[in-house]
Amino acid sequence: MQLGDLRIDPIVDGEGRFKPMMSFRGTSEEDWAPHQDLLDADGLLPFVMGGFLVRYRDRVTLVDLGLGMGRLMGIQGGAFLDNLRALGVAPADVTDVAFTHLHEDHIGWCAVDGTPTFANATYRASAADAHHFLEVDTTSAETRVLQPIADRLVAWEAGEQLAPGLDTLAAPGHTPGSTIIVASSGTQRVMMLGDVVHCPVQLLDDEWGALFDVDPVLARQTRTALARELEVGDALMAGAHFPGLQFGRLIKGEGRRRWVV
Ligand SMILES: [Zn+2]
Ligand SMILES: [Zn+2]
C-alpha cells in the first residue's frame, strides 16, 4: 500500500484457521451468519501472525515481528525473514522495530540464538509494556524472548511520535501498554491496530468479546471508542491477525457498521 511517499507491506510469518465459534467463545452460528465474508470457503476464520514493513524517507521500520521459529495455537511461524527479503529488505537494512505490544506472537524475531536479528535497528515499545514484561511478569515467555534486546529497547510514552510519518496512539486493555501505530502522509492515515482488534467483526459489533485481553472491560471500552471514531473517518486499518493482513475501512451503514477491504 502506498500513501504518498510512504509504503506499507504486510509480512506474514505463519498462518492458521480456526472455527469461529471457538475463537469467540459464546458466539453461535447465527451470530456469524452475517459475517460469512470474513470466513474462508470451509467456514473457518483465517488468522495470520506477522507484522508490517513501513518504508518512508530513510527509515525502514518493522511494526511487530511475528512468532519466530516456533508454534503457537497450532500456527507455525518461520516465514518472516524470507518474506522480508522477498520485498528487497535485508535484516541489516532495518532502522527501527516498533511493537504494538509485547506478546510472544509479536516479538518472535527479536533475536536468533541470543543475537539481535536486526543488528542496526532501534527496538521500540511502550513504557507500560516494557515495564510489564521486563519488570513485573518476569517468568513469562515474553521476558525470555525479549532478554537479548532488553538493553537496546527504547521505551515511548503514550502519544509520542516514533519517526516521521509514524505516531503512537495509546489503546490499553489487551496489554497495559497496547498501542495503535498510525502511519500518515498528507491527509491519509493508516492504522496498525495490533491486538486491540483481533478480527474485523469486533469493530462491527461492540458486544463481541476478545481473546486473551489482560483487562477485558478496558479492552472493550477501547475498541468501542475506536470503532465509533473510525466509522466517521476514512482511515484504513488492519489488525495484527486480520485475514491476509489486509487493510480495510469501517463504513457507517444503516443501523450497523460494515467492513470493506
Ligand atoms: Zn496480543
Ligand atoms: Zn497477537
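Predicted model: local features only at pLDDT ≥ 70, side-chain atom pairs only at ≥ 80, totals over all residues.
Me: What makes the overall dimensions of the chain agree with a compact globule?
Reply: For 261 residues, a compact globule would have a radius of gyration near 18 Å, and the chain has 17 Å, so the two agree. Along its principal axes the C-alpha trace spans about 50 × 40 × 35 Å.

Me: How many of the residues count as buried, and what does a residue need to be called that?
Reply: A residue is buried if 20 or more other C-beta atoms lie within 10 Å of its own. Of the 261 residues of the chain, 43% count as buried.

Me: Which share of the contacts joins residues 24 or more positions apart?
Reply: Among contacts in the chain with a separation of 6 or more, that share is 69%.

Me: Why does Asp113 count as exposed?
Reply: Asp113 has 6 C-beta neighbours inside 10 Å, and the limit is 12 or fewer, so the term exposed applies. The loop between β8 (111-112) and β9 (115-116) holds Asp113. Phi of Asp113 is also positive, near 50°, in a residue other than glycine.

Me: What makes a set of residues a nonpolar core, and how many residues has the largest one here?
Reply: The members must be buried residues of the nonpolar kinds, joined through C-beta atoms within 7 Å. The largest such core in the chain has 60 residues, and Val54, Val97, Met192 and Leu193 have the most contacts inside it. Strand β3 (residues 45-56) gives the largest share of this core, 8 residues.

Me: Which residues are in contact with Val97, leaving aside its neighbours within four places in sequence?
Reply: They are Leu62, Leu65, Phe118, Ala121, Tyr123 and Arg124. Contact here means that the C-beta atoms lie within 7 Å.

Me: How many helices and strands are there in the chain, and which strands form the open sheet?
Reply: There are 8 helices and 18 strands. An open sheet is formed by 5 strands in the order β12-β13-β14-β15-β16, with mixed pairing. At its edges are β12 (161-163) and β16 (236-238), each pairing on one side only. Neighbouring strands of the sheet are turned by 25° against each other on average, direction ignored.

Me: How do you know that β12 and β13 pair?
Reply: Pairing requires at least two bridges. β12 and β13 (residues 166-170) have 2 bridges, so they count as paired, in the antiparallel sense. Ala163 stands opposite Leu166 in β13.

Me: What makes β14 a partner of both β13 and β15?
Reply: β13 and β14 (residues 179-185) share 5 bridges, and β14 and β15 (residues 188-192) also pair over 5 bridges. The requirement is at least two, so both count as pairs. Each of these pairings is antiparallel. Ala170 stands opposite Thr179 in β14, and Ser185 stands opposite Gln188 in β15.

Me: Which residue takes a positive phi in the hairpin of β14 and β15?
Reply: Gly186 does, with phi near 60°; the hairpin has 2 residues between the strands.

Terms used:
Residues numbered from 1 in each chain as written. Chains lettered and ligands numbered in written order. Helix = DSSP H or I, 4+ residues; strand = E, 2+ residues; numbered from the N terminus. Axes fitted to C-alpha atoms, helices over the stretch in contact; angles between N-to-C directions. Rg over C-alpha atoms; globule rule 2.2 N^0.38 Å. Contact = placed C-beta atoms within 7 Å.
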